[in-house]
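Please look over the sequence and the structure before reading on.

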Amino acid sequence: MNVASIQVEIKDTETRDERIKRVEGMLDAQAGADLILLPEIWATGYFSFDRYHAEAEPIDGEFVQRFARKAKELQTHLFAGSFVERDGDNYYNTSVLFSPAGELIGSYRKIHLFRYGSAEGQLLTAGSEPVVVETSFGKVGLATCYDLRFPELFRRQVDLGAELLLVTSAWPHARLAHWNLFNQTRALENQCYLISCNCVGKTRDVFMGGHSQIVDPWGVTIASGGEHETVVKSEIDLSQIAHIREVFPQLKHRMLPTS
């Protein structure tokens, strides 16, 4: 299958509507891909905390409806990154996955909210449930940025059948070495493909890290972006997951309880 991770530049001079229209054009340019990814809270801008509540939407709001239509138009699985979801008096960092028919087949509320130089933990409510989505090409685990530092989440997804891990992110350049390490490690230790999508640019005085990646189940990065807006693309062979898990059955050799 052909995958494309769109590494979007976040520009403080750009409005939300301007960025959405620009990204829709970038999506159109990837017609033919089987799976496309976008970054974390890319429409508002992750570090634009003052805009979170004003730009929040319900799960059936314009953002979700708009990208449901785009997935159907492109006939692709679209992991549209995350947005600030409003549900009653609570706000969540919610990522969404659409089928080629334009159906919302998965949504995940970020469990591990970032609090280091970030207001996310004060403004938003943490999710509580790992999410694994059944798709036409296999089971997919959804994760968001800071989640990468918590291996138990990804191991739980593997216990739920995950073969492919999708990570939407707004990871700063200051901790780029950690980002690179976690992308490879989460794939290797769980014998899954991992595809991540990170932001680039300088926003609210934070330099974003980029380096979106496609990592195979051996932990080898087969495609990666740099520090500028780009599309990271590769063809992946999902049959390799079962093969690798069979020839090197580390998941079967676990000794500690799984729950």
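## Basis and terms

Helices (H or I, at least four residues) and strands (E, at least two) are DSSP runs, numbered from the N terminus. The model is predicted: local features need pLDDT of at least 70, side-chain atom pairs count only at pLDDT 80 or more, and totals for chains, interfaces and linings use all residues. Residues are numbered from 1 along each chain as its sequence is written, and side-chain values use heavy atoms, with hydrogens and water left out.

## Overall form

The protein has seven helices and 14 strands. Its C-alpha trace spans about 50 × 40 × 35 Å along the principal axes.

The radius of gyration, taken over C-alpha atoms, is compared with a globule rule of 2.2 Å times the number of residues to the power 0.38. For 259 residues a compact globule would have a value near 18 Å, and the 17 Å of the protein agrees with this.

Strands of a sheet pair through backbone hydrogen bonds, either parallel or antiparallel. Here, two strands pair if DSSP finds at least two bridges between them. Angles run from 0 to 180 degrees between N-to-C directions, with axes being lines fitted to C-alpha atoms, for helices over the stretch in contact.

Six bridges link strand E1 (residues 2–7) to E14 in the antiparallel sense. Ala4 has Lys233 in E14 as its bridge partner.

Another open sheet of six strands has the order E6-E7-E8-E9-E12-E13, and its pairing is mixed. Strand E6 (132–135) and strand E13 (221–224) are its edge strands, each pairing on one side only. Its neighbouring strands are turned by 20 degrees against each other on average, direction ignored.

E6 and strand E7 (residues 138–144) run antiparallel and are joined by four bridges. Within E7, Gly141 stands opposite Val132. Helix H6 (residues 176–190) lies across strand E8 (164–168), strand E9 (193–197), strand E12 (213–215) and E13, at about 30 degrees to E12.

## Arg245 in helix H7

Arg245 belongs to helix H7 (residues 239–247). Gln191 is 54 residues from Arg245 in sequence, yet their C-alpha atoms are 6.6 Å apart. Leaving out residues up to four places away in sequence, Arg245 touches Val158, Ala162, Glu163, Asn190, Gln191, Cys192 and Leu251.

Conventions:
Contact means heavy atoms within 4.5 Å.
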